[in-house]
Amino acid sequence: MHSLSRSLFRIFRPFDCYANSQSTLRGAPSEPSEMAEAALVNAELLEWPKKDKRRLLHAVYRVGDLDRTIKFYTECFGMKLLRKRDVPEEKYSNAFLGYDLEESHFVMELTHNYGVSSYDIGTGFGHFTIATQDVYKMVEDIKAKGGTVTREPGPVKGGTTVIAFVKDPDGYIFELIQRGATPEPLCQVMLRVGDLERAIKFYEKALGMKLLRKVDKPEYKHSLAMMGYAEENETTVLKLTYKYGVTEYTKGNAYAQVAISTDDVCKSGEVVELVIEELGGKITRQPGPLPGINTKITSFLDPDGWKTVLVDNEDFLKELQ
């Protein structure tokens, strides 16, 4: 079925969010008036992400030794352990770390699966970025505690911004960037993509993000786009990076996803479906409540295979209580 026909077909059936609808499906509209109405509904639906209340909640990734990583992040990066939970029936543990409360700030969700001591990070995941007022001092502290520095602190080539790169115990790379006081020290998640223009369009249309900055660096043979919901110095952003001539990357099994808040998981899921039909991607979980905790979510892969989970705002806050 043509993508337009699939879109029209979905618009003319009720969206079954919790698998309890008794409605019947209707076929794709055939009359010009019906097609015009469906196109209008699609256009209105695509405006929803711009009106929604959204922010990046956390990044989820796997580690081989939870206590070791907690120690490294708290001692070397100055993060706080916000909460920790063990789920023996599912054979995993979680720890949430960051610089402020989860209710209002981006945090790291570390996952340890029982019996698994290492993971493959792959070639697609780039790094996390931490903003600090003194990169040199942070690097000194990391070295003193036995951390691995992969790029010594200093200005970027051809610029004045001071950066450094360090590696955590599981091999994840962290960029340290020198900035003034910021409300969101965990400021970037860098992912590599095979088509930058397609990725920008996807995150704008499916997730309502803004293109904050786009930079082409021919001397390094790559381009990048900063995508987010507020300015770079105010919030966490996605740093999408395209390396000239590279269209595919390995994902490994270490980095999992980012989570983003929404006021309406069902409507947001419909938008994602529409955009996936146009640009590619895959729904991995239809909108609905998670068993046991009833937090409503939906999840999907972008055209490059990066996973995002949309989480109901109210349910997320209840989960933290």
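This is a predicted model: local features need pLDDT of at least 70, side-chain atom pairs count only at pLDDT 80 or more; totals for chains, interfaces and linings use all residues.
A pair of aromatic rings is described by the distance of the centres and the angle of the planes. For tyrosine 73 and phenylalanine 77, the centres are 5.5 Å apart and the planes stand at 40 degrees, and the pair is classed as tilted. Both partners are on the inside by our criterion: tyrosine 73 has a relative accessibility of 0% and counts as buried, because the cut-off for that class is under 20%, and phenylalanine 77, at 3%, is likewise counted as buried.

The second pair is phenylalanine 125 with tyrosine 255, where the ring centres lie 5.0 Å apart and the planes meet at 25 degrees, so this pair is stacked. Phenylalanine 125 belongs to strand E5, residues 125–132, while tyrosine 255 belongs to strand E13, residues 255–262, and the pair therefore ties together parts of the chain that are 130 residues apart in sequence.

Now let me step back to the whole protein. Its secondary structure comes to eight helices and 16 strands. The radius of gyration is 21 Å, close to the 20 Å that the globule rule gives for 321 residues, so the protein is as compact as a globular protein of that length. Along the principal axes, the C-alpha trace spans about 70 × 50 × 35 Å.

As for burial and contacts, 49% of the 321 residues count as buried, and among contacts between residues at least 6 apart in sequence, 62% join residues at least 24 apart. The accessible surface comes to about 15400 Å², and 50% of that surface belongs to carbon and sulfur atoms. Turning finally to charge, the protein has 42 positive and 47 negative charges, and the mean positions of the two sets are 4 Å apart.

Technical notes: Residues are numbered from 1 along each chain as its sequence is written. Side-chain values use heavy atoms; hydrogens and water are left out. Helices (H or I, at least four residues) and strands (E, at least two) are DSSP runs, numbered from the N terminus. The radius of gyration is taken over C-alpha atoms; the globule rule is 2.2 Å times the number of residues to the power 0.38. Buried means under 20% relative accessible area, exposed over 50%, partly exposed in between (1.4 Å probe, protein chains only). Contact means heavy atoms within 4.5 Å. Accessible areas come from the Shrake-Rupley method with a 1.4 Å probe; for residues, only the protein chains shown count as cover. Lys and Arg count as positive and Asp and Glu as negative; His and the chain ends are not counted. The place of a charge is taken as NZ of Lys, CZ of Arg, CG of Asp or CD of Glu. Rings of Phe, Tyr and Trp (its six-membered ring) pair if their centres lie within 6.5 Å; planes under 30 degrees apart count as stacked, over 60 as edge-to-face and the rest as tilted.
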